[in-house]
Amino acid sequence: MKTKRKIEPYLYLLPALVILLLFRFIPILMSFVISFFDFGVTDIGKFLGFAHYSRLFGDQEFWQSMMNTLWLVLIALPASIILPLIFAQLLNQIKWLKGFFRTIYFMPFVTSLVAVSIVWKIIYSEQAGLANMFLQWLGLEPQLWLAEPRGIFTLFFQSLGVQIPGWMGGPSLALFSIIIMTVWKGLGYNTIIYLAGLQNISKAYYEAADIDGAGKIRQFFNITVPLISPTTFYVLLMTTIVSFQTFAQIYMMTDKGGPLGTTKLIVYYIYEKGFDKLDMGYASAAAIILFIVILGLTLLQRRLESKVNY
Amino acid sequence: MRKIFGQSLTYALLIIFGFAMVVPFIWMLSTSLMTQSEFNKNEAIFIPKEEYHVWNDAGKEHKVILVDTKGEQAIIHVLDEDGQISPDYQEYMGVPASEVELVSKRPSFHFENFVNAFKKVPFATYFANTLFVSILTLMGVLVTSVMAAYAFARLDFKGKDFIFYLFLSMMMVPQPIYVISSYIFLDKFNWLDTYQALIVPWIANIFTIFLFRQHFKSLPQELFDAASIDGCSTFGMLTRIVIPLSKGVIATASVFSLIGSWNSFMWPLVMTDRPELRVLQVGLSYFNQEASTQTTLLMAASTFSILPILLIFFLAQKQILASYAKAGLKD
């Protein structure tokens, strides 16, 4: 009886533990190990030390994909926080058709990325795409969208007749198109999280503010925004982590990260090096760098959170 | 009065933003029902319309392309029954222009796009594969997670904290980090290109374990004390107390698991190669390459591949949204 009691808890844990150790823990460790070796398709080669890492350091394509990914995160984050907060605020105020509107806003999130990538690729097509029809309707010039390697700032200033230096060009319009679609896909999730956060804020604050004569907009900035900040940090963290892993859009909507590599994101770069070029050791080294970046940002946000939150 | 104004403004904004959220789907659906030539003409944005010429050849009507008219005479290409140009189409010159008439139909729905997409690619196989993988994964996830969460929430054992933090830290590692090493690892098992590779690595889910653990911890201790006095075994408590009281959270986890497997892409793309093993998302990605110019067929394929998930979502919209809200915040 006594020994049975000691073993029993482990028996409950065993199935999950075995699967996770085998298919998660070992591969994660292997990633580190492989990154130090010359690794072809399936056979391990010479030990290379940090050679892959120093090669990555000089690899322009790697830096370009890192930069592209940073642009994605930089642009997607504010949009993925501000818009959902507004949506949630609106959804929280209505009485009729609540379920209907929530369903509509959440729809993109449940649908598969692969399928909506196809849809957005066609939306962005130059000839008969919806995006260009919309521009036409607004009376604007049609764009090349996914085929446009020039930066959005370059294009913007060009339309004003101003030429700006190349390094100030910003992300390509092609990448920006992908960012719009990626933000659209994730808005619903963040909205629902914010909606739950809003419902946790006590009505008493708003009633007190009403008595004090504070307007709706002041209430939003002085009550809602600070009290919702734990949710904001959660949304920030999730959006950052998910953005860094963007892959399917690039695979489906672009020609191998083109035009001119301007839409090549870091996970696509890893995929290409590993499964197209079959340089798996090198790809693993890039994956480890990505992991360190994500981990660093996660810890940074946690620290910020503990400083800001009440 | 101000209140009514505020409410209408809120609804107006919700409708505008909401339209932006669904417009890709509306367009997907309408494009999936157009003919390719209609799409290329770029006139019918949301309601498919169709314009074609008909040649009235002594009482027999043919769909034709009007190539040119010279005075009273027309040059036409006769189309086949599906309205397509067949490779051996016939050209007629000198047909009286009065016999050729423009027909305009709106709405004109071409459901045959769905049939044609299904004919081109074995989507039925892809559906079956996806369903098979999703359901087996779900069953595995539920069994392993309920058991592990029960141990974490209700039992005492050595190394509990250590294992807990081990799981937690593994959850922080995103999939792209270990997809290459997993490929190498599964290759050593000779598991590449098998169903096992798509199912077994995913039958334990750390997030689900934590979700269940949270809930199991919240169950009142008195129930377990009473059961213990009645001589109920540890396993009995799991099946008679914990599981019956956890239907909601089990449903939540099932939804996450099903949506996750249904939509997962990178893993099956990398781990399988044989066409018979393709899941829906992978099949769709190949179709995207093969039929890149056949916009309407692509849209039809996208439509029916997201239909099952949307259907489930519409039916259980309330519960699913509540699940995401709860699970998201607790984490």
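Mentor: A residue counts as buried if 20 or more other C-beta atoms lie within 10 Å of its own, as exposed if 12 or fewer do, and as partly exposed in between. Please bear in mind that this is a predicted model.

Trainee: Which residues of H11(A) are buried?

Mentor: Helix H11 of chain A covers residues 229-244. Its 16 residues reach 22 Å from the first C-alpha to the last, close to the 22 Å expected at 1.5 Å a residue. By the cut-off of 20 C-beta atoms, the buried residues of H11(A) are A:Thr231, A:Thr232, A:Val235, A:Leu236, A:Thr239, A:Ser243 and A:Phe244.

Trainee: Against which helices of chain A do the buried residues of H11(A) pack?

Mentor: An α-helix has 3.6 residues a turn, so residues three or four places apart point the same way. In chain A, the partners of the buried residues of H11(A) are H3 (60-93), H8, H13 (266-276) and H14 (280-308).

Trainee: At what angle do the axes of H4(A) and H8(A) cross?

Mentor: Two packed helices are described by the angle and the distance between their axes. Here helix H4 (residues 98-110) and helix H8 (residues 173-199) of chain A have axes that come within 7 Å and cross at roughly 125°. That angle makes H4(A) oblique to H8(A), and H4(A) passes H8(A) in a left-handed crossing. The residues of this contact divide into 9 nonpolar, 3 polar and 1 charged, and the angle asked for is roughly 125°.

Trainee: Is A:Leu97 buried, exposed or partly exposed?

Mentor: A:Leu97 is found in the loop between H3 and H4 of chain A, and has a positive phi of about 60° although it is not a glycine. Because 14 other C-beta atoms lie within 10 Å, A:Leu97 is partly exposed.

Trainee: Which helix gives the largest share of the side of chain A that touches chain B?

Mentor: In the contact between the chains, 71 residues of chain A meet 74 residues of chain B. On the side of chain A, the largest share, 18 residues, comes from helix H1 (residues 2-34). That side divides into 56 nonpolar, 12 polar and 3 charged residues; the helix asked for is H1 of chain A.

Key. Residues numbered from 1 in each chain as written. Chains lettered and ligands numbered in written order. Predicted model: local features only at pLDDT ≥ 70, side-chain atom pairs only at ≥ 80, totals over all residues. Contact = placed C-beta atoms within 7 Å. Helix = DSSP H or I, 4+ residues; strand = E, 2+ residues; numbered from the N terminus. Nonpolar A, V, L, I, M, F, W, Y, C, P; charged D, E, K, R; others polar. Axes fitted to C-alpha atoms, helices over the stretch in contact; angles between N-to-C directions. Parallel < 35°, antiparallel > 145°, perpendicular 65-115°, else oblique. Left-handed = near helix turned anticlockwise from the far one by under 90°. Expected span 1.5 Å × (residues − 1).
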